[in-house]
Amino acid sequence: MPRLDIQLDGDGCWPDLREKGFRAGVIEGVALLAHGMQSGAPSVTFRATLDDGTIALVETSLVLLESGVRALRNGFDARRGVDSWTPSKLGSPTTKEEYEQRFHENTHASGFGFENVQQHTPCPFCAAPEWLVVKLIELETQSSKETICQECGRGAKTIYTREPGGVTRFEIVQTRGGDAPPWLPTIRRVEP
Ligand SMILES: [Zn+2]
């Protein structure tokens, strides 16, 4: 899976470019390859002409690009006090790909300013929207309690463990409801 570094404040971002240098260019085309990723998932290729005349093809996955564009839009809107996000139109997933897409589309942050930002987290089992909606600064406290999905009826909570060196590990565990779909990584069951 490729990475995509999303900068919601692009001014002066990527300071390493000063040392490494770069060429500038303009995107002139964008093309979808239905099975372009090694995993078989769709990829997106951008075509650009650089300032030295070189033609460059750069690619990412459709899912990453979509979540990147969404993050930029949300970040821009949040600055203006607007929230244009709407939950995914996708229904209950039947494959890992549908689950991942729905999970991406239903993951969202709203509000502006560290104290006010709310994290909208979809259900870990079916990716239904608004499973857990909490302020970022209260995320650990609130997600340590059981939350039940309105759509699939499963419950889950997060167990946080502090390790030496200031590292915090977390594990999502199932607290109630039917077994998780087979395409998900195993989620341990505990009492609520
Ligand atoms: Zn659910």
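Trainee: Which domains does the domain assignment give for the protein chain?
Mentor: The assignment, which is automatic or from a database, gives domain 1 (1-84) and domain 2 (88-192). Residues are numbered from 1 along each chain as its sequence is written. The model is predicted, so local features need pLDDT of at least 70 and side-chain atom pairs count only at pLDDT 80 or more, while totals for chains, interfaces and linings use all residues.

Trainee: How many residues of domain 1 are in contact with domain 2?
Mentor: 9 residues of domain 1 are in contact with 9 residues of domain 2, contact being C-beta atoms, placed from the backbone, within 7 Å. The C-alpha centres of the two domains lie 27 Å apart.

Trainee: At what angle do the axes of α2 and α3 cross?
Mentor: The axes of α2 (residues 62-79) and α3 (residues 96-105) cross at roughly 10 degrees and come within 10 Å. Axes are lines fitted to C-alpha atoms over the stretch in contact, with angles from 0 to 180 degrees between N-to-C directions; helices are DSSP runs (H or I, at least four residues), numbered from the N terminus. The two helices are therefore roughly parallel (angles under 35 degrees).

Trainee: Which residues meet there?
Mentor: V63, E66 and S67 in α2 meet E100, Q101 and H104 in α3.

Trainee: New topic: what is the phi of W14?
Mentor: W14, which is not a glycine, has a positive phi of about 60 degrees.

Trainee: Is W14 buried or exposed?
Mentor: W14 counts as exposed because it has 11 C-beta neighbours inside 10 Å; the exposed class requires 12 or fewer other C-beta atoms, placed from the backbone, within 10 Å.

Conventions: Contact = placed C-beta atoms within 7 Å. Parallel < 35°, antiparallel > 145°, perpendicular 65-115°, else oblique. Buried ≥ 20, exposed ≤ 12 C-beta atoms within 10 Å, placed from the backbone.
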